[in-house]
Amino acid sequence: MNAPTLIVGLGGTGCKIAERVSEMVTPDQRDSIAFCGFDTDINDLEKISQRNPLMHLVQTSTRQTVGEYLSLDQYSKDEWFPGHAILYTKPLTEGAGQVRAISRLSLNPVVRAGQLEPLHEAIQSLYKVDQSKADQALRVIIVSSLAGGTGSGLILPIALYIRQYLKTHYRQNANITRGFFILPEVFYEVIRDRAERNNLNANAYATLRELDAFLMKGDNSLPNRYKDSVKLLMPRISAEGYEDFNVRPYDFCFLFDAQNAEGSKLNSFEQYLDHAANCIYSQSIGPMNKRSNSSEDNTIRRLAQERGRNRYAGAGASRLEYPLEDIKTLVALNWMRQAISEQWLVYDRLFKAQKAEASARREEGISTADQSFAEFYSKQIETDTNNKNKFARAIYNSTGEYQDGLTRNGDYWKKYTDRIAAKISEESTHLSDRSKLAKKNVENLLSDLGNQSGWADYGQCWQDLNTYQKLLEKDIEDSIANIAYSTFRGVKEDPDGKFSDLQLEYYLSDQKGNFIHPCAARFMIARVIEELEKRKKTADNTIKELEGKFADEYQGISDYAGEDWKPDSLANRKDRGWMNRRKDAGFRDDVALLLEDYKNDIDAWAAVKIQSDVYMTGLQYYRNLFSAYDNFYQALESKVGQLDKRIEQLKNKYSHSSGSTVRYVCANRKCLDAIIKKMPYLQSRYYLDNNLARKIHTRIRDYSMMGEKPEAARYFGGLFDQEMTTFYKDAVMDSYGLDLDVDILTAIEKEAELLGLYKDDPDEMRLMDQYVRDVIRTTRDLSCPFIETPLGETRSPVYSCTYNTSLIPPKGDDSLRSRLIQSELANLGGTPILAARQMMTFRKT
């Protein structure tokens, strides 16, 4: 269990480092750690609050100017604040402006008004969680720059206040307070102006002088002539007057400079902040913190001997890391480049080439027929299948049903469109009540027509048929919309994710039940479009033929006398006498047959009209879906075009690691090139995980149904960068996991192999052992503290490191590796931990 630890960031730099430490804390550590930040700049505090809402924040300023502050604080004005009128107009909400006195001044009213409650809450949170922690001494880490205004002005008062607060509220005299202070030269990269640098140095010098005096005061080693003058009076909370906190502000002060003890530097200001956070984490929170605490305990005797003059220290941390995730990603990206470029996009690129060629011909005056990509795609895959192209054959084979895996029994696109046709036929007979009544009336009239029927009966039946046709026309509009929706857009998977046989997705699974490759799904959609176009064309031809009969044959009829009759005139026809009765009887038969055919053709027309319009809706749906697939493949091509750049970025990522405290293993360009060469793509170009294939199709289908579509590259970008990359990374581990997923020591050995060292050397094992030792030692050297080597007596460094528990050798093991672990790790403060096997961390104080 970690001791309760409070980490306090002072000023802009201190808060940034505290935030970085917070990001490193694991969930199981968080209950023992609390974070608090102090700053005068309201803008910086608001940003911190947004990024890290769990961090307790104290704003040590109001909207008042320095002059207004001083008008309310006569003691500060008279006793210690520099009397520069030019400072009086400065508002404090925008920071202390590198003036230490302003930061110190702004704290007084905050303390007096009792506005340090966020700090109190942070301390209290460490004891609320687990009462057993009350038995452990609180560890306080205060991190700040010595060079700025806010932080350097608060280093003493905040440390004194916290110590006094713990003493009076928790009876805590045993708490350990460490300061971690950034020296001015670290800021030289971001502050170029000589005058500003001089100001940084002046702030740091003054702060260190004050800090040193108060440390001596706390150790009772302050010369007598200074005992009365070295004091810092703090306002009483919610009361008048001031009080002197007679406590030692810090137990140890770690100074962090731009150069380490060997004169080396880091590459950037951000690296310094990261390195400071790493040192604080490893010293106070991480697995090496016990080693740090023990080393500090061992200095107590020296402190007594030297009258407290050994409270300054330097700290450094380094890391030895085998970047497995990036190496997996690199191999996966290379595989994606091969698989997608060579197969997924081959037909898109071929179509573009043919279009360019056709365009060139047209410019030369040569007529060429236009072809849609769906037509091209369908025909080209069938052609390539016949030519025994493996990828095309895999696409074609996955879209059909086979007997014994050999003989193709049918095409899935035909089974699907047959199912659509059956549904339309079934539901096209569903009529409204009024149409049902009209149909029944017509059928009754037709069945009642006979020799005893008058011409009025025939005319009425004819008129009722016209009415029935008009009612059906209105019914069809509603039926088409309902049937089309329930056939295409409206049909969904069941709660278990199973597809209905009315969904295309039901047929997008191969014989083994796996969702087919996106290229095969695209082929299926193209074939469904072709099939729907054929069926719609057939239906349209039938409609045209029937509507021609409605416009011609069923508008009138001629009798044997050559006279034309229409429904209304036929109803008024009179019998012509006994000489014409035979002819009248024949004419009645002709009319009855006409009416029967008319009724049947109305029903047939209604059915094919519904079919045609539903097929049209289906065509729109699948053309949109095919177009969405085009958008996906265009986005894919754009992403593939960036793969070379991403691969180069990964290869270069670790090529310039000098100036860093991290040593990466198997990560230089030569090693990465060798890894790519040794790990070719072994799986079928057609193979794709069932879940990923389904996810791709679902994402494309959703895109096709959007009203306002987002930009395709952005919409599908996550699918490529995350799901598809993850699939290929998993495929890499399936094929080469045993070679890649190794511990850090094995990775160092593999690095030597990849670099071609000691190959065929008879003493290879011993040389490899020495290579591993050298890598560990040079990485440990990177943890050299960022502080100048002390003058005079050389201080003894304290080493510590962590490594995965899997590296602990079995008892009795006397192998080279066992001896290496003992001498290079365990004997130098090594702590086995449950952490990544691909990493070691080192710390030196």
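1. Helix α24 covers residues 690–704, 15 residues in total. From first C-alpha to last, α24 reaches 21 Å, close to the 21 Å expected at 1.5 Å a residue. The expected span is 1.5 Å times one less than the number of residues. Helices (H or I, at least four residues) and strands (E, at least two) are DSSP runs, numbered from the N terminus.

2. This is a predicted model: local features need pLDDT of at least 70, side-chain atom pairs count only at pLDDT 80 or more, and totals for chains, interfaces and linings use all residues. Residues are numbered from 1 along each chain as its sequence is written, and side-chain values use heavy atoms, with hydrogens and water left out.

3. Asp 689 caps the N-terminal end of α24. One of its side-chain oxygens lies 3.1 Å from the backbone nitrogen of Asn 691.

4. Which residues of α24 are buried? They are Leu 692, Ala 693, Ile 696, His 697, Ile 700, Arg 701, Tyr 703 and Ser 704. Buried means under 20% relative accessible area, exposed over 50%, partly exposed in between (1.4 Å probe, protein chains only). An α-helix has 3.6 residues a turn, so residues three or four places apart point the same way.

5. On the whole chain: the secondary structure comes to 28 helices and 18 strands. The C-alpha trace spans about 155 × 80 × 60 Å along its principal axes. The radius of gyration is 43 Å, whereas a compact globule of 845 residues would have one near 28 Å. That radius is taken over C-alpha atoms, and the globule rule is 2.2 Å times the number of residues to the power 0.38.

6. Of the 845 residues, 49% count as buried.

7. The largest nonpolar core has 149 residues, and Trp 344 and Tyr 622 touch the most other members. Helix α22 (residues 581–653) gives the largest share of this core, 27 residues. Another core, of 48 residues, lies apart from it, with Leu 138, Leu 154, Tyr 161 and Leu 166 among its members. A nonpolar core is a set of buried Ala, Val, Leu, Ile, Met, Phe, Trp, Tyr and Cys residues joined through side-chain atoms within 4.5 Å.

8. Asp 644 sits in helix α22. Asp 644 is partly exposed, at 41% relative accessible area. Asp 644 and Asp 475 are 169 residues apart in sequence and 59 Å apart in space, C-alpha to C-alpha.

9. Ser 106 is in helix α6 (residues 100–112). Ser 106 counts as buried, at 0% relative accessibility.

How values were computed
A polar contact is a pair of N or O atoms within 3.5 Å; within protein, one must be able to donate a hydrogen and the other to accept it, and residues adjacent in sequence count only if both atoms are side-chain atoms.
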